[in-house]
Amino acid sequence: MSAIVHAEEPKPGTGTNIQTVHLSEIVPARCVAVTADGGVATIVLSREELDGLAGFDKPVDDNNALTRQAWINGTRAKALLTQLGAIDARGCQVVQGTLPFDVRFVVGLLLEEGHATIFTRQLNLPEPVLEIRHVNKRFFGWEEFRLLNGTQVWSYDTWTA
């Protein structure tokens, strides 16, 4: 079971907030493997969880932020699942090719919720903790997902002015 320590999102131009997330240290029976930024690690996600996200196909109600976000996450999960290929040594289906920018957010969501396992290339052992830096500068913001030793495993821009 993973625990999440939430950090309040900083307002644009106000700096950096750091969130610490305890990751899963087990590989799900049905899993998906995503190569981390720079190939420094493998991010393992639950296929059942991705299928669950992808299964949200209700019409979007623009007045309901929760259903709209669920639909967006479902669209992103479906796009990720279309890139699955071979099976790796852990029995996970490997994501082939480069993920489209928008799909990076669904991986970030699962990392932020602690619903992922990360294996570094160096030690090939599960990492217990992830640090997420929510960075907001004057004209843009981004998120960095780092191991405790500072190695960045995932990132994406969240907004631009």
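Reader: Why does Phe140 count as partly exposed?

Author: In this predicted model, Phe140 has a relative accessibility of 38%. Buried means under 20% and exposed means over 50%, so Phe140, at 38%, counts as partly exposed.

Reader: What makes Trp142 buried?

Author: Its relative accessible area is 19%. The cut-off for buried is under 20%, so Trp142 qualifies.

Reader: How many aromatic pairs does a search of the whole structure find?

Author: The search finds 4 aromatic pairs. One of them is formed by Phe101 and Phe105.

Reader: Why is the pair of Phe101 and Phe105 called edge-to-face?

Author: The ring centres are 5.3 Å apart, and rings pair if their centres lie within 6.5 Å. The planes stand at 90 degrees; over 60 counts as edge-to-face, so that is the name for this pair.

Reader: What makes the pair of Phe140 and Trp142 stacked?

Author: The angle between the planes is 20 degrees, and planes under 30 degrees apart count as stacked. The distance of 5.1 Å centre to centre meets the limit of 6.5 Å for a pair.

Reader: Are Phe101 and Phe105 buried or partly exposed?

Author: Phe101 is partly exposed, at 46% relative accessibility, whereas Phe105 is buried, at 18%.

Reader: How do you know that the charged end of Arg104 sits over the ring of Trp154?

Author: The charged end of Arg104 is 3.9 Å from the ring centre of Trp154. The rule asks for CZ of Arg within 6 Å of the centre and within 35 degrees of the ring normal. Arg90 also lies over a ring face, that of Phe119, at 3.7 Å from the ring centre.

Reader: How do you know that a disulfide joins Cys31 to Cys92?

Author: The S to S distance is 2.0 Å, and the cut-off is a pair of cysteine sulfur atoms within 2.5 Å. The count for the structure comes to 1 disulfide.

Reader: Why is the disulfide of Cys31 and Cys92 called left-handed?

Author: The torsion about its S-S bond is about -100 degrees, so the disulfide is left-handed. The pair links distant parts of the chain, 61 residues apart: Cys31 is in strand β2, and Cys92 is in the loop between β4 and β5.

Reader: What makes Cys31 and Cys92 buried?

Author: Cys31 has 4% relative accessibility and Cys92 has a relative accessible area of 0%. Both values are under 20%, so both cysteines count as buried. Of the 161 residues of the protein, 39% count as buried.

Notes:
Residues are numbered from 1 along each chain as its sequence is written. This is a predicted model: local features need pLDDT of at least 70, side-chain atom pairs count only at pLDDT 80 or more; totals for chains, interfaces and linings use all residues. Side-chain values use heavy atoms; hydrogens and water are left out. Buried means under 20% relative accessible area, exposed over 50%, partly exposed in between (1.4 Å probe, protein chains only). Rings of Phe, Tyr and Trp (its six-membered ring) pair if their centres lie within 6.5 Å; planes under 30 degrees apart count as stacked, over 60 as edge-to-face and the rest as tilted. Helices (H or I, at least four residues) and strands (E, at least two) are DSSP runs, numbered from the N terminus.
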